Amino acid sequence: MFDDVAARYDLTNDVLAFGQTRAWRRATVRALEPSSGDVILDLAAGTGSSTVPFDEAGAFAVPCDFSIGMLSEGRRRLPTLPFVAGDALRLPFADGTFDAVTISFGLRNVVDTEGALREMLRVTRPGGRLVICEFSQPSHELFRTVYLEYLMKFLPQLATKIASNPEAYVYLAESIREWPDQDALSHIIQRAGWVDVQWRNLSGGIVALHRAVRL
Ligand SMILES: C[S@@+](CC[C@H](N)C(=O)[O-])C[C@H]1O[C@@H](n2cnc3c(N)ncnc32)[C@H](O)[C@@H]1O
């Protein structure tokens, strides 16, 4: 599916997220606190848009994804980034390779959430960090109701006008509705072996940032 949407993926996302994507990306970088020279894995990086802010912060950021369509589009647009083809459930990296691992709007798409989190733990060095940026559940009940209405009815309609593959946005809406809320995801992260799990909401909980540490 991601192979088909690669070319217009970033533009469509930005429109459908009311231009919030950049703010969410900045908050993700702040949560990871990259030091210059840190080696960071950006998993499910797609076309590399989520990797750029880490690269700009002075880290050696490695975008990794299993969609050849996304990787090709990324390599065309961002030829200086070291794109790597790899499956989140069998990462092509040795144990403890990275100072930090991050995944933006990707964990929801991986078929085995806990398995991916265990793989991320394996490739992170002891003391290394994890930051997950993912759609979540708005905390305020009224806001949640309005948002779910937008997600399930308005977003698929809007997508038929601007997206190259509108069905992908029906899938997006359904996968967000079914995704574990902030506390439930924290428990899955802990079960995968990470410690010091914390989270905070962005845009009222439309997105949540989870972070954790490898012992
Ligand atoms: C919504 S895109 C996010 C792209 C990017 N991180 C961003 O924030 O713009 C989700 C990405 O997850 C990738 N993906 C899904 N399952 C994967 C897996 N098992 N291994 C690697 N990448 C995966 C898809 O190919 C897709 O590029």
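In what order do the strands of the open sheet stand? The structure is a predicted model, in which local features need pLDDT of at least 70 and side-chain atom pairs count only at pLDDT 80 or more, while totals for chains, interfaces and linings use all residues. Residues are numbered from 1 along each chain as its sequence is written, and side-chain values use heavy atoms, with hydrogens and water left out.

The open sheet consists of 7 strands in the order β3-β2-β1-β4-β5-β7-β6, with mixed pairing. The edges are taken by β3 (84–85) and β6 (195–202); each has a single partner strand, so one side of each is left without a neighbour in the sheet. Helices (H or I, at least four residues) and strands (E, at least two) are DSSP runs numbered from the N terminus, and two strands are paired if DSSP finds at least two bridges between them. Strands of a sheet pair through backbone hydrogen bonds, either parallel or antiparallel.

Strand β5 (residues 124–135) runs antiparallel to β7 and is joined to β7 by 7 bridges. In this pairing, F135 has V207 of β7 as its bridge partner, and R129 stands opposite V213 in β7. Strands β6 and β7 are also antiparallel, with 6 bridges between them; here W199 stands opposite H210 in β7. A hairpin is formed by β6 and β7, with 4 residues between them, and S203 in the turn has a positive phi of about 50°. Of the 7 residues of β7, 5 are buried (buried means under 20% relative accessible area, exposed over 50%, partly exposed in between; 1.4 Å probe, protein chains only).

R211 lies in strand β7, which spans residues 207–213, and is partly exposed, with a relative accessible area of 33%. R211 gathers with R26, R30 and R200 in a patch of positive charge on the surface. Such patches are made of residues with over 30% relative accessible area and no salt bridge, like charges being joined within 9 Å and nonpolar side chains (Val, Leu, Ile, Met, Phe, Trp, Tyr) within 5 Å.

Most residues other than glycine have a negative phi. E33, not a glycine, has a positive phi of about 50°; E33 is found in the loop between α3 (21–32) and β1 (39–43) and is exposed at 56% relative accessibility. D196 likewise has a positive phi, near 50°, but D196 is placed in strand β6; at 55% relative accessibility, D196 counts as exposed.

The structure holds 10 salt bridges, each defined as a side-chain nitrogen of Lys or Arg within 4 Å of a carboxyl oxygen of Asp or Glu. E134 and R108 form one of them (2.8 Å, N to O). This pair links distant parts of the chain, with E134 in strand β5 and R108, 26 residues apart, in the loop between β4 (98–104) and α6 (113–123). E134 is buried at 1% relative accessible area, and R108 is buried at 8%.

Within helix α5 (residues 68–77), E73 and R77 are 4 residues apart, about one turn of the helix, and their side chains meet in a salt bridge (3.0 Å, N to O). E73 is buried at 13% relative accessibility, whereas R77 is partly exposed at 33%. A network of salt bridges links E73, R76 and R77.

Technical notes. Areas by Shrake-Rupley, 256 points an atom, 1.4 Å probe, with all protein chains shown as cover. Lys, Arg positive; Asp, Glu negative; His and termini not counted. Charge placed at Lys NZ, Arg CZ, Asp CG, Glu CD.
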